[in-house]
Structures are given as C-alpha cells and as structure tokens.
Amino acid sequence: DWTPGSFVDTTVKELKTKLGNDKVVLGLSGGVDSTVAGVLLNKAIHDNLTCIFVDNGLLRKNEFQTVLDSYKHMGLNVIGVDARKHFLDALAGVSDPETKRKIIGRVFIEVFDREAHKIQNVKWLAQGTIYPDVIESVSVNGPSATIKSHHNVGGLPEEMNLKVVEPLNLLFKDEVRRVGKALGISPALLGRHPFPGPGLAIRILGDITQEKIDILQQVDHIFIQGLKDNELYDRVWQAGAMLLPVQSVGVMGDERTYERVVALRAVESTDGMTADWVHLPYEFLAKVSNDIINKVKGVNRVVYDISSKPPATIEWE
Ligand code: XMP
C-alpha cells in the first residue's frame, strides 16, 4: 500500500543508490513541488545537493527573502541569486504573453546555468516535475494544441550534459503535499497557492516596468493577506491580481483622476484544467477594494473576475 511514509523511505533508498556520491543541482521556485523534491533529496544525499533559488523580480511582495529564509531554516544547501535586473532588462518593451514566457524561460536558464557551472563536478539536474506536468507537456507540445508554452518541464542547459533525476514524477499534487507533510515541511508552505513560473509578468497586461511590478505587488499583497486574515485562503485554489492596460476616470476631492485598474481573481479548481470563480463574500470584496484604492497610489478602480474556465483561463495572459 502506498503511504507517504513508505514513499519517503523507498525513494530515499533509491536516490542513495542511484546518486552515490554524485553532486546534484536543483532549481527551487518557492512552490510545493520543488520544495518537496529538495527536502527529499537533501534527506538522501545531504550537501551533495545544491539548490538554486532565483529572484526574477516577478515574485510576490517579500516572497524571495521569506522563502529563502525558510529554505535555509529547513537545512537546505541553497544559493539565492538576485537576477531582477537581468529579467527586467530582457523584458523591456515586450507585451506579447508568449514572448514574455520565452524570454523568462531563456533568462532563467542563463542565470541557472551560470550558477550551476560554479558547482564543481555536478552530474545531475534534479527537478520537481510531477505526473500532471509530464502529461501536460506532452499535450501542450502535441500537434493540435499549442495552448500556452507553460510549465516546468524541459529547458535544461544541454551542453552541461547533466543526467536528470525527478523523484516526484509519478505523483499527483495531493500526494506531493502528503509526502511533504511526512517530511515535516510546514503546512503554510505546503498549502501555498500555485503561482505561475513567469510570475507577475503575465499578470501585468502589456509591457513590464518596475513601477507596474511595485503597484501589482502591493495590490496582490493586500488581496492575499486579506484572504488569509479572513480564513478564506485555504478555501481558494488560486488567487491573484492583474494589472490592466487601461486607465479609468475617478474623482479625488475636487479633482478628476485618470488612473490604473486592477482585476482580482480567485478560483476553485482541482488541477487548473477547469476552474470556477469563487463567490467571495461581498463584505470581503468591499473591504479589499477599499484598502487597495486607499493604499495603493496610482490605482482608482478594482474589478472582480467572474469568469469560469473554460472558456476563460485562470491567468489573463
Ligand atoms: P491557465 O491560465 O492556463 O492556467 O488557466 C492554469 C494554471 O497554470 C498556471 N500557469 C502557468 N504556470 N508557467 C507556469 O509555470 C506559465 O507560463 C503558466 N501560465 C499559467 C496558472 O497560474 C494556473 O495555475
């Protein structure tokens, strides 16, 4: 019978045999999958595992530092890389969503590659790929469907000639969470909403600037913190805010304003393939909307997305 505990025991044994005394590198994203993969590998091979966590500047507010600290706290041998400028420069003036994704993927590999080269004698690239990623990358790359050039599969620095190890590639998300729990990873980390690899870049419609990132981080933070404070966070599968490429008229005192619009989105889902918008309480939406408009300079209108997937996708880009 499959239990998270037996999975951990068997996999740790297998990893020890497979990896011996080899050096392994793993990219951490802050998400559940890579975190569980990291802790599992760390249990098997300890400091022969080097983890790399890249700050692309497109994460949630304070996220990089908070998550980096918790990785260190968990005993992972982790290198934090500040690559914010690299990403921002590469994205300057780009509005097309697929182009954004490709640029972010390419820059990530450049940054990761550079760090990985600093590790002597690295033999393996570990990945937190889970079973649905494997299936989806097949269908996404299939002949009929170019849905979105998504996800965590593929894109390794080829000339490094690394062998790939994916200890979670037969697990579903809920199993990964259970394994994470058995490994003693905190519920707060395991219960985190999914967050797209390209991060806020695909939640800023149109081109990306530091100013827009700052605004969206503040808006997102108020929304997500509000969900947590009101015990709504765990009832939602994924939530976030989009910065729209329109401005709208408002009034402040005697003045007319012409400022930005943000959309809030919260969905229920089991796998992200289909999703329903969450009927968040009106009082909650009213409070969050007020907070955003009062506290975030440059935003004068908040809308709530009431579209389900399909046909709308979860992200707006
Ligand atoms: P959509 O917008 O296609 O999103 O309904 C489904 C799920 O996938 C996430 N998503 C991405 N994740 N890279 C990722 O790693 C991406 O480019 C990407 N685009 C969407 C989205 O957040 C949702 O969880």
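The buried residues of helix α1 are covered by elements that include β1, α2, β4, β5 (163–165) and α7 (173–182). Helices (H or I, at least four residues) and strands (E, at least two) are DSSP runs, numbered from the N terminus. A residue counts as buried if 20 or more other C-beta atoms lie within 10 Å of its own, as exposed if 12 or fewer do, and as partly exposed in between, with C-beta atoms placed from the backbone. Two residues are in contact if their C-beta atoms, placed from the backbone, lie within 7 Å. This is a predicted model: local features need pLDDT of at least 70, side-chain atom pairs count only at pLDDT 80 or more, and totals for chains, interfaces and linings use all residues. Residues are numbered from 1 along each chain as its sequence is written.

Stay with α1. The buried residues of α1 are Phe7, Leu15 and Leu19. They cover an arc of only 60° around the axis, so they sit on the same side of α1. The arc is that of the directions from the helix axis to the C-beta atoms. On the other side of α1, the exposed residues are Gly5, Ser6, Thr10, Lys13 and Thr17. The length of α1 can be checked too. The expected span of a helix is 1.5 Å times one less than its number of residues. Helix α1 (residues 4–19) has 16 residues and should span 22 Å; its end C-alpha atoms are 22 Å apart, which agrees. Just after α1 comes Gly20, with a positive phi of about 50°.

Next, the loop between β1 and α2 (32–45). Gly30 is found there, and Gly31 lies in that loop as well. Gly30 is buried, because 22 other C-beta atoms lie within 10 Å. Gly31 is partly exposed, because its count within 10 Å is 19 other C-beta atoms. Leaving aside neighbours within four places in sequence, Gly30 is in contact with Leu59, Glu63 and Val67. The unreviewed UniProt entry carries a "binding site" annotation covering Ser29, Gly30, Gly31, Val32, Asp33, Ser34 and Thr35. UniProt positions are given in the numbering used here, feature names are shortened, and annotations may be inferred rather than shown by experiment.

At the other end of α2, look at His46. His46 lies in the loop between α2 and β2. Phi of His46 is near 50°, a positive value in a residue other than glycine. Most residues other than glycine have a negative phi, and most peptide bonds are trans. His46 is exposed, because 10 other C-beta atoms lie within 10 Å.

Now turn to α5. Helix α5 (residues 97–117) has 21 residues and should span 30 Å; its end C-alpha atoms are 30 Å apart, which agrees. Its buried residues are Lys100, Arg101, Ile104, Phe108, Val111, Phe112 and Ala116. Seen down the axis of α5, they fall within an arc of 130°, so they line one face of the helix. That buried set packs against β1 (23–28), β2 (49–55), β3 (78–82), α4 (84–91) and β4 (122–126). The face turned away from the buried side of α5 carries the exposed residues Glu98, Thr99, Arg106 and His117.

Pro97 is in α5. Pro97 is partly exposed, because 17 other C-beta atoms lie within 10 Å. Not counting residues up to four places away in sequence, Pro97 touches Ile202 and Glu317.

How do α4 and α5 meet? They pack at an angle of about 145°, with their axes 10 Å apart. The contact is made by His86, Phe87, Ala90 and Leu91 of α4 and Lys100, Ile103, Ile104, Val107 and Val111 of α5. Axes are lines fitted to C-alpha atoms, for helices over the stretch in contact, and angles run from 0 to 180 degrees between N-to-C directions.

Phi of Glu231 is near 55°, a positive value in a residue other than glycine. Glu231 is exposed, because 8 other C-beta atoms lie within 10 Å.

The peptide bond from Lys309 to Pro310 is cis, with omega near -10°. A cis peptide bond also joins Pro310 and Pro311, with omega about 5°.
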